Amino acid sequence: MTFEKKWWQTAVAYQIYPRSYQDSDGDGIGDIKGITSRLDYLKKLGITAIWLSPVYASPMDDNGYDISDYEGIASIFGDMAAMDELLFEANQRGIKLIMDLVVNHTSDEHAWFVEARKSKANPYRDYYVWRDQPNHLTSAFSGSAWQLDEASGQYYLHLFSKKQPDLNWENEKVRKAIYDMMNFWIGKGVGGFRMDVIDLIGKVPDQEITGNGPKLHDYLHEMNQATFGDKDLLTVGETWGATPEIAKLYSAPERQELSMIFQFEHVSLSHHPQDPKWDVIALDKTKFKAVISKWQTDLAVGEGWNSLFWNNHDLPRAISIWGNDQDNRIQSAKAFAILFHFMRGTPFIYQGEEIGMTNYKFETIDQVKDIESLNMYAERIAQGYAPDDIMASIRAVGRDNARTPMQWDTTASAGFTTGTPWLAVNHNYTEINVAAALEDPDSIFYTYQKLIALRKQNDWIVYGDYQLLLTSENIFAYLRKYKGKKYLIVVNFSDEYEQFETHLVKVSDIMSNGSIPDSLLAITLSPWDAFVVAVE
């Protein structure tokens, strides 16, 4: 098998949640011009690509993941001229823009759905999924996945909000319209697509199959051929139910589907498999190491490609749920960064991760804006849960934890806006902010900057083999091997002092979040210590 190297294998991407990144006009909502104004900061960090969460026209029922016009821009974010300027300025700095592609569903205010609900005979009716009776499918946002349309007496499918009707991918006209839209954005010069819940487009509702349906990969191959297949673009699919074997179906080069996927097996360790995400448990570190290692070894170079991430707009801040966001915040944030950035795959940094932003201490439900959290709260109140227990779950894993505004400096609202922010700024912004990070040569920011530079300069990080080392539960240690050379990465994944030893001999230092031992024979690691060395 000949393996063709691609730019996105050495890339490091940075996710921007536009609503919370930078407000340029004082309305309290981040916008496109705000993002453009911060591009030099991102260039300094060294990132190669921006994954931009949706900025399309939308009623904002789910913060833009409910799209009413794929080729229009939401007025709260700007207009197409602002979008064109962002694309141009990003490209000038060597940064590619990855658009969020949301094609499992639209908004109920999309022209297609407005037409579809006019009558059963409407030409757009079959763009969506309609049934005379609901079955047992449930929405990710609580309750039934079927909503009665009283005018026609039929139910439409919505695997998310009732304002997000699911598209019918079995309809060839739907697929053609989506490919045309993708080519519109490709023509504007985007660097690729992050594909929202793409594993759901092959759903078979009557059989209650949602993820990984039988035609899923047929659709993705067809999409590849009709749009980006002959372009050098990054495409990454959000695939909650994927295994390494399934990941190969998406990302093996010869299958001509996607560049890579986001898999969430490690994220799902925050709760028991049979329980909802709100029922948080302590991390089983042995399982965590096994899951991460499986994805490193089973998805071999040439067979597929992986992504590496701790955080995104749907997840809590990793250092708050699994690290120590108090007295060891800086050390644990650096340890998290070092652990993942020396693995094989394309790293994705979520805004604020590079300065160690933390979860927000939500006290009451009226501080929460996220539809998923609000629906869960109402559902659990009705079931008799104590409000304090529900709020504890939201503080731990609610999506608004990732959505508090970016913390730029110590001025009012952390420099995010001159107005009233749409969601409260974290109270710790006077300590945790970009301005302070840039002034401190030992900050988390400069750890990320160095990690990004090392990946660009060293093929062993990108393509090398991986081997997990047998250690105590709290230590995550692994080797990377490439062209006869070996590299050791050791991370104390805990607040405890831990013993580590190996008969490997250190050849040279690469980096650490503290000091690097002279000998590897018998080491006492302080809490959250992490170091990387070349060995023989």
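**Close-up 1. Strand 7 and strand 8 pair up antiparallel.** Strands here are DSSP runs of E with at least two residues, helices are runs of H or I with at least four, and both are numbered from the N terminus. Two strands count as a pair if DSSP finds at least two bridges between them. Look for D149, which sits opposite Q154 of strand 8. Zoom out a bit and you get an open sheet of three strands, in the order 6-8-7, with antiparallel pairing. Strand 6 (130-131) and strand 7 (146-149) are its edges, each pairing on one side only.

A word on the model: residue numbers start from 1 along each chain as its sequence is written, and side-chain values use heavy atoms, with hydrogens and water left out. Since it is predicted, local features need pLDDT of at least 70 and side-chain atom pairs count only at pLDDT 80 or more, while totals for chains, interfaces and linings use all residues.

**Close-up 2. Strand 15 pairs with strand 14 and with strand 16.** Strand 14 (residues 465-468) and strand 15 run antiparallel, with four bridges between them. A hairpin of six residues links strand 14 to strand 15. Strand 15 is also joined to strand 16 (residues 485-492), again antiparallel, by eight bridges. There, A477 has V490 of strand 16 as its bridge partner. This second hairpin has two residues between its strands, and K483 in the turn shows a positive phi of about 50 degrees. As for cover, seven of the eight residues in strand 15 (residues 475-482) are buried, meaning under 20% relative accessible area with a 1.4 Å probe, protein chains only.

**Close-up 3. Helix 11 packs against helix 12.** Helix 11 (residues 371-382) and helix 12 (residues 387-397) meet at about 155 degrees, their axes 10 Å apart. Axes are lines fitted to C-alpha atoms over the stretch in contact, and angles run from 0 to 180 degrees between N-to-C directions. The two helices are therefore roughly antiparallel, the label for angles over 145 degrees. On the helix 11 side, the contact (heavy atoms within 4.5 Å) is made by S373, M376, Y377, R380 and I381. Helix 12 brings P387, I390, M391, S393 and I394.

Conventions. Angles under 35 degrees count as roughly parallel, over 145 as roughly antiparallel, 65 to 115 as roughly perpendicular and the rest as oblique. Buried means under 20% relative accessible area, exposed over 50%, partly exposed in between (1.4 Å probe, protein chains only).
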